[in-house]
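Biologist: Could we go through this structure together, one topic at a time? I would like to begin with its pockets.

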Amino acid sequence: MASFVEAFNFAVDCFEAGHPSEAETVCRQILDVLPNHPDTLHLLGVVLTQQNRSNEAVPIIRKALAIRGERSDWLSSLGNAMEEIGDLDNAESCHRRATILSPTKPIPWSNLARLLRHRGRLEDALHCARRAVETGPNFAEARINLADALLALEQDSEAISVTESALSLPNLAPRTQIGAHITLATGHHNLRRFDAALDHSLAATRLASELPNANALLAVTWRTLATILASRGDFAESIEAFHKAKDAAPFNPNNLCEIDAEIGKPLIALGRIAEAVAGYDRVLKQRPNAIGTHIARGFALLSAGNYAAGWPAYEHRLQHPRFRPRWSTLAPRLWRGEPLEGRTLLLHAEQGLGDTIQFVRYISLLAQRGARVILEATPPLERLLSRLAGVEQLIRPGEPLPNHDWRCPLLSLPERFDTRLETIPMQTPYLEVDVATVAAWKTRVDAALSNRSSEDAPSPLKIGLIWAGGAGFPADHLRSPGLATLAPLFSLPNVHFYGLQCGDGRIDLDSITPPTTRFTDLGTEICDFYDTAAIMMSMDIVISSCTAPAHLAGALGRTVWIMLSYAPDWRWLLERLDSPWYPTARLFRQKTPGNWKNVVQDIQKNLENTPRE
């Protein structure tokens, strides 16, 4: 018996030292002699689970429980193995039973919290995670699990604080340290603190690479690093990190599937659309209900101009809660192209202000089909869209819905009209402003020229300038050049800039002071997009980042120069310097990621060569 005890202890030591293969060998040698020894059966099941062989582990742990009877720690092990094979209902039952048997132990609560988080029951997960910390305040894994629950609920700052407290605990196991760094990297990434996120993801990757037999964990750290690199605009480095994640666990189907789902973003950014789509197709073969992947695939196809396949793929967004309007579950039905003569169609402006401006062009086509159109529009666009031909009624979000026969999101209209590049309804202008408002703003615009330098000719170019989008947009740090970047333009003679920037980007004016003889800030005087449109009617050129005013200028038929990041939104397609959506638009693209210098130089050169009156 002594030799058996020694053998079992040796198996435990091998497992805890990170040598699962040796632990498995010893366990099987013991079971050859004592096939029904429950402790060895349980240990073998745990070892197999760690090696991603949970299909083998589940019956072995079940056998151990049948022999020994219910134990909370063994039920937790069985729950973990069932979770790995996707048997989530039975996994949850195991974890819940474990909390009943050991309500004062943190591990069962922590395991249950993790599972509930994966199942999308976030508030319940948070409750269980807090119970885990209460019952085990010095159990670092419980704190990290709590932080992960907070991340899922977008409470990133608290998640970071909780994780930092876990890292401060003594004697942390390497795996726990790695998990903490991954959580911190994710939290900082969500808050767009990309330098801090990068530091923690690098720390996690370094620790995981030093840990023996931790390939699955190493793959997670590489994927985390790759995601952060992509968000920073380091697309080539991101792809390289994704490939290292693949190399770390090449036979793990879940790892490969996650990589195919995530690597598409940097591949699309580098114009490698076919590779991205092929990866998305592999994901959807395994996970046909992966809505996010369907949407990403749609973006990839639309970026390449493959509208025939892109619009139907993009329709999957309607199954995602983020895009679902408040009235999506109500009758009547979603309009999919049925006859509209004499019918009332309610259009929902589902996304950003720029999206609304871009796609209201389809309303005239709906009116031609005999539809009575009701448009849901936010207040900043209300005055502008009230003059849109074909709209019989405007309603604000939250107002009672008027009677209607059909409903349709604005961004579904291209699919309903079977839009291709050559059939885009591109006639502009399709928005307008009344003559009196235009005249009033022209007086204000002309008055600003009274302070211009005497070296300027009598009629300087009047340039409307927008340098930033809304800070709430996830990639605004990549798409917005900022005012300081555009400073070289202010030295151009015979040009007067009018700041049309509203919202978050105005903070740039606190640190940058353009010359008053070449720049007039109108942003504080603008009430809504109707005012902006009226000002644009007096501009010779509008220069804008990729944000709503760029769409507004295009919809008004004004000359608009749009500054684009290296990996811009799908609607600007690939490499083109013009836009099939806006005939008066000219696109100025970064030649390398993050390089606004070439954009500014190109704009400066074109302004120098633009004739003055």
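Biologist: How much space lies in the second largest pocket?
Modeller: In this predicted model, the second largest pocket holds about 190 Å³ of space.

Biologist: Which residues line the second largest pocket?
Modeller: Its lining consists of Val360, Arg361, Ser364, Arg387, Leu388, Ala389, Pro425, Gln427, Pro429, Tyr430 and Glu432.

Biologist: And how many of those lining residues are nonpolar, polar or charged?
Modeller: The lining has 6 nonpolar residues, 2 polar ones and 3 charged ones.

Biologist: Let us turn to helix 17. How far does helix 17 reach from its first C-alpha to its last?
Modeller: Helix 17 comprises residues 273-286, which is 14 residues, and it reaches 20 Å. That is close to the 20 Å expected at 1.5 Å a residue.

Biologist: Which residues of helix 17 are buried?
Modeller: The buried residues of helix 17 are Ile273, Ala276, Val277, Gly279, Tyr280, Val283 and Leu284. They lie on the same side of helix 17, because they cover an arc of only 160 degrees around the axis.

Biologist: What covers the buried residues of helix 17?
Modeller: The covering elements include helix 15 (253-262), helix 16 (264-269) and helix 18 (291-303).

Biologist: Now helix 5, please. How many of its residues are buried?
Modeller: Helix 5 is mostly covered, with 10 of its 13 residues buried. Among them are Trp74, Leu75, Leu78, Met82 and Glu83.

Biologist: Which elements cover the buried residues of helix 5?
Modeller: They include helix 3 (38-50), helix 4 (54-68), helix 6 (88-101) and helix 7 (106-118).

Biologist: What span should helix 5 have at 1.5 Å a residue?
Modeller: Helix 5, residues 72-84, should span 18 Å, and its end C-alpha atoms are 18 Å apart, so the two values agree.

Biologist: Which residue just after helix 5 takes a positive phi?
Modeller: That residue is Gly86, with a phi of about 90 degrees.

Biologist: Finally, the whole protein. How many helices and strands are there?
Modeller: The secondary structure comes to 28 helices and 10 strands. The C-alpha trace spans about 105 × 60 × 45 Å along its principal axes.

Biologist: What percentage of the 613 residues is buried?
Modeller: Buried residues make up 53% of the 613.

Biologist: And of the contacts between residues at least 6 apart in sequence, what percentage joins residues at least 24 apart?
Modeller: The figure is 63% of those contacts.

How values were computed
Residues are numbered from 1 along each chain as its sequence is written. This is a predicted model: local features need pLDDT of at least 70, side-chain atom pairs count only at pLDDT 80 or more; totals for chains, interfaces and linings use all residues. Side-chain values use heavy atoms; hydrogens and water are left out. On a 1 Å grid over the protein atoms alone, a cavity is a set of points where a 1.4 Å probe fits but cannot get out, and a pocket is an open set with protein on both sides within 12 Å along at least five of seven lines; lining residues have an atom within 4 Å of a point. Grid points are joined across faces, edges and corners, and a volume is the space filled by probe spheres set on the points. Ala, Val, Leu, Ile, Met, Phe, Trp, Tyr, Cys and Pro count as nonpolar, Asp, Glu, Lys and Arg as charged, and the others, Gly among them, as polar. Helices (H or I, at least four residues) and strands (E, at least two) are DSSP runs, numbered from the N terminus. The expected span of a helix is 1.5 Å times one less than its number of residues. Buried means under 20% relative accessible area, exposed over 50%, partly exposed in between (1.4 Å probe, protein chains only). The arc is that of the directions from the helix axis to the C-beta atoms. Contact means heavy atoms within 4.5 Å.
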